[in-house]
Amino acid sequence: MTGMTDERLRRWRLVLGGDSADGTGRALAGQDAAMDSALTALYGAGNGKEGRGRDRSAGLGGSAPSVARWLGDIRTYFPSSVVQVMQRDAIDRLGLSTLLLEPEMLEAVEADVHLVGTLLSLNKAMPETTKETARTVVRKVVEQLEKRLATRTRSTLTGALDRSARVSRPRHHDIDWNRTIAVNLKNYQPEYRTVVPERLIGYGRASQSVKKHVILCVDQSGSMAASVVYASVFGAVLGSMRSLNTRLVVFDTNVVDLTEQLDDPVDVLFGTQLGGGTDINRALAYCQSQITRPAETVVVLISDLYEGGIRDEMLKRVAAMKASGVQFVTLLALSDEGTPAYDREHAAALAALDAPAFACTPDLFPEVMAAAIERRPLPIPDISMGNRT
């Protein structure tokens, strides 16, 4: 029990920051003292809106060398998941985003989706000497995401595409015998010991051609940074599938078609410009103009729905696309962050059009796309609020 008590006091001491009134009576030495120093530099009094310890006032200062040392220290003393949180806090609380414009800073940070979002928001201000380092950091994160998501996405959507291509009057060599027998078991003839195939199920002849068209329409306002990163990775994965014709459109108050860069999601990301306003109606107008086979098209709008354009026109476009046969999906976020702040009035209006809006994790996205391709109910998470009116 004594060991457990000591460990609890140690943890409380690190949390409370060593104020004379913290009540632990615990002194720190060695690595614990170094960890406390790193925490003090970030969460000390006067750093950000809410200092965690009254005596923590060292700060990181404005010097790049001191920040570089601090970044190295936290990677030494804390696990990667904690390092990423501390980096985000340092950027938000201490205004260190400008230091990310220096190559030595980028080389020191722990790369993750949020860091990529920050770099993309700084893209236009980034000096040429930093851009190559920034691309290396972004590529590292993108490759990690592709490794995590690509295989499952391709296998899930390939199955959905195959099922959607099945036909009821197939040629003999296109018959899916397993499914045909299963649906005709009720027609088994005992005297002949055979099944009469009243209904044939088979695969279409379009295995080497485009079966579905997908348009990813992505809001690139500043609040959607993580969604933009994931959407770019998924866009590249979908674009690599021959049976899908994939288009990637990003927008703020302007609309940019990045389809030609889909073979390299890093190029896609550096083609975005995070920040600015939002004109969903204008973006959907462009997407609508690109639809040639409505019944075979899935439009995925990824946005928090804070519309700066013409709301009624936006809703009319969604209604028109759905009436023409387009499968329309609205994702409030494509990230691991949960449901973001979003325009509930617009979400309710979309729900009334049978186009519910909900947040989607990257791991769920393949299932959402498979359901849309097969025209079956979307796997909307129970925690979603966007589909409630």
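View 1. Among contacts (heavy atoms within 4.5 Å) in the protein chain between residues at least 6 apart in sequence, 73% link residues at least 24 apart. This is a predicted model, in which local features need pLDDT of at least 70 and side-chain atom pairs count only at pLDDT 80 or more, while totals for chains, interfaces and linings use all residues. Residues are numbered from 1 along each chain as its sequence is written, and side-chain values use heavy atoms, with hydrogens and water left out.

**View 2. The whole protein chain.** Here you can find 14 helices and 8 strands; these are DSSP runs numbered from the N terminus, with helices being H or I of at least four residues and strands being E of at least two. Of the 389 residues, 48% are buried, meaning under 20% relative accessible area with a 1.4 Å probe, counting protein chains only.

**View 3. Helices α6 and α7 crossing.** Two packed helices are described by the angle and the distance between their axes. The axes of α6 (residues 113-121) and α7 (residues 128-164) come within 10 Å and cross at roughly 140 degrees. Axes are lines fitted to C-alpha atoms, for helices over the stretch in contact, and angles run from 0 to 180 degrees between N-to-C directions. On the α6 side, look for V113, L115, V116 and L119; they meet A134, V137, V138, V141 and L145 of α7. The residues of this contact are 9 nonpolar, no polar and no charged, where nonpolar covers Ala, Val, Leu, Ile, Met, Phe, Trp, Tyr, Cys and Pro, charged covers Asp, Glu, Lys and Arg, and polar covers the others, Gly among them.

**View 4. An open sheet of 6 strands.** Follow the order β5-β4-β3-β6-β7-β8, where the pairing is mixed; two strands pair if DSSP finds at least two bridges between them. β5 (255-257) and β8 (357-360) stand at the edges with a single partner strand each, so one side of each has no neighbour in the sheet. Strand β7 (residues 327-334) pairs with β8 in the parallel sense over 4 bridges, and A333 stands opposite A359 in β8. Helix α11 (residues 280-289) packs on the sheet, touching β3 (212-219), β4 (244-251), β5, β6 (297-302) and β7.

**View 5. S227 and its contacts.** S227 lies in helix α9 (residues 225-239). With 3% relative accessibility, S227 counts as buried. Beyond its neighbours within four places in sequence, S227 is in contact with I302, A333 and L334.

Notes: Buried < 20%, exposed > 50% of the residue type's maximum accessible area, 1.4 Å probe, protein only.
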